[in-house]
Amino acid sequence: MSFPTTPVFLSATKGWEQARIHPALAWMEKCANAWDSRESWSTPWSDWVTDDYLYIKPNGERRTGGAAAWEASKADYGAFRESHHEPTWVCVAEKDDGWEFVGEATLFIDLVKEGREKKVQDMDGRRWDLSVGSMFRFVFVKDWTAKHDGIKIKSFQMYSDSGPVVVEMLKRGIMKTEDLLK
């Protein structure tokens, strides 16, 4: 049985160097760097996401609407003093109005409260509190009014095991067990 297919860009990568050859991923690198440095947190949400932006948390909760979904995205990363995304695999499909892709990355994080010795390190040799294997799904749209290279994020879904992060936050007193029941 024959069915229509869509060509994709597929890359097993170690960091951004191999991924950035695709234009959507070159933009994603800029976006991830602005996010990880928190630079994008101090600019208007509309610089990065659409008015109908959808954010889906690892637990399946959905937030919609530019400002509200952007703030929910920031809140989930708010427990991290710093973060760094290192891609390891990606699959990008071009659409009429932009791109859709899924990708795996190692998410390196430092929590807001210092703790034990930093035991994990990224490709640049920088040490971090934790690393978490994660998967991300994005939809980017082309928008000639967009401030950053004519692209905005329409939706973002994160797949990640938050267990190790929660355990470390409990150990450091960043959260309490009763916070888990709220």
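User: Which residues are linked with Glu168 in a network of salt bridges?

Analyst: In this predicted model, Glu168 is linked in a network of salt bridges with Arg81, Glu82, Asp110, Glu114, Lys118, Arg126, Asp129 and Arg172, where a salt bridge is a side-chain nitrogen of Lys or Arg within 4 Å of a carboxyl oxygen of Asp or Glu. Residues are numbered from 1 along each chain as its sequence is written. Because the model is predicted, local features need pLDDT of at least 70 and side-chain atom pairs count only at pLDDT 80 or more, while totals for chains, interfaces and linings use all residues, and side-chain values use heavy atoms, with hydrogens and water left out.

User: Why is Glu168 called buried?

Analyst: The relative accessible area of Glu168 is 5%, and buried means under 20%, exposed over 50% and partly exposed in between, calculated with a 1.4 Å probe and protein chains only, so Glu168 counts as buried. Glu168 sits in helix α4, residues 163–172, helices being DSSP runs of H or I with at least four residues and strands runs of E with at least two, numbered from the N terminus. Apart from its neighbours within four places in sequence, Glu168 is in contact with Leu111, Arg116 and Leu130, contact meaning heavy atoms within 4.5 Å.

User: What makes the pair of Lys154 and Asp52 a salt bridge?

Analyst: The N to O distance between the side chains of Lys154 and Asp52 is 2.5 Å, and the rule asks for a distance within 4 Å, so the pair qualifies as a salt bridge. Lys154 belongs to strand β9 (residues 151–160) and Asp52 to strand β2 (residues 49–56), so this pair ties together parts that are 102 residues apart in sequence. Lys154, at 30% relative accessible area, is partly exposed, and Asp52, at 43%, is partly exposed.

User: How do you know that Glu61 meets Lys57 in a salt bridge, and what is the distance from Arg63 to Glu61?

Analyst: The side chains of Lys57 and Glu61 come to 3.9 Å, N to O, which is within the 4 Å of the rule, and those of Arg63 and Glu61 come to 3.0 Å in a salt bridge. As to burial, Lys57 has a relative accessible area of 16% and is buried, whereas Glu61 at 32% is partly exposed and Arg63 at 33% is partly exposed. By this rule the count comes to 21 salt bridges.

User: Why is Asn59 called exposed?

Analyst: Asn59 has a relative accessibility of 53%, and the cut-off for exposed is over 50%, so Asn59 counts as exposed. Asn59 is placed in the loop between β2 and β3 (62–64), and its C-alpha lies 8.2 Å from that of Tyr159, although the two residues are 100 apart in sequence.

User: What makes the protein as compact as a globular protein of its length?

Analyst: The protein has 4 helices and 9 strands, in the order β-α-α-β-β-α-β-β-β-β-β-β-α along the sequence. Its radius of gyration is 17 Å, close to the 16 Å that the globule rule gives for 182 residues, so the protein is as compact as a globular protein of that length; the radius is taken over C-alpha atoms, and the rule is 2.2 Å times the number of residues to the power 0.38. Buried residues make up 45% of the 182 residues, and the C-alpha atoms fill a box of roughly 50 × 40 × 35 Å along the principal axes.
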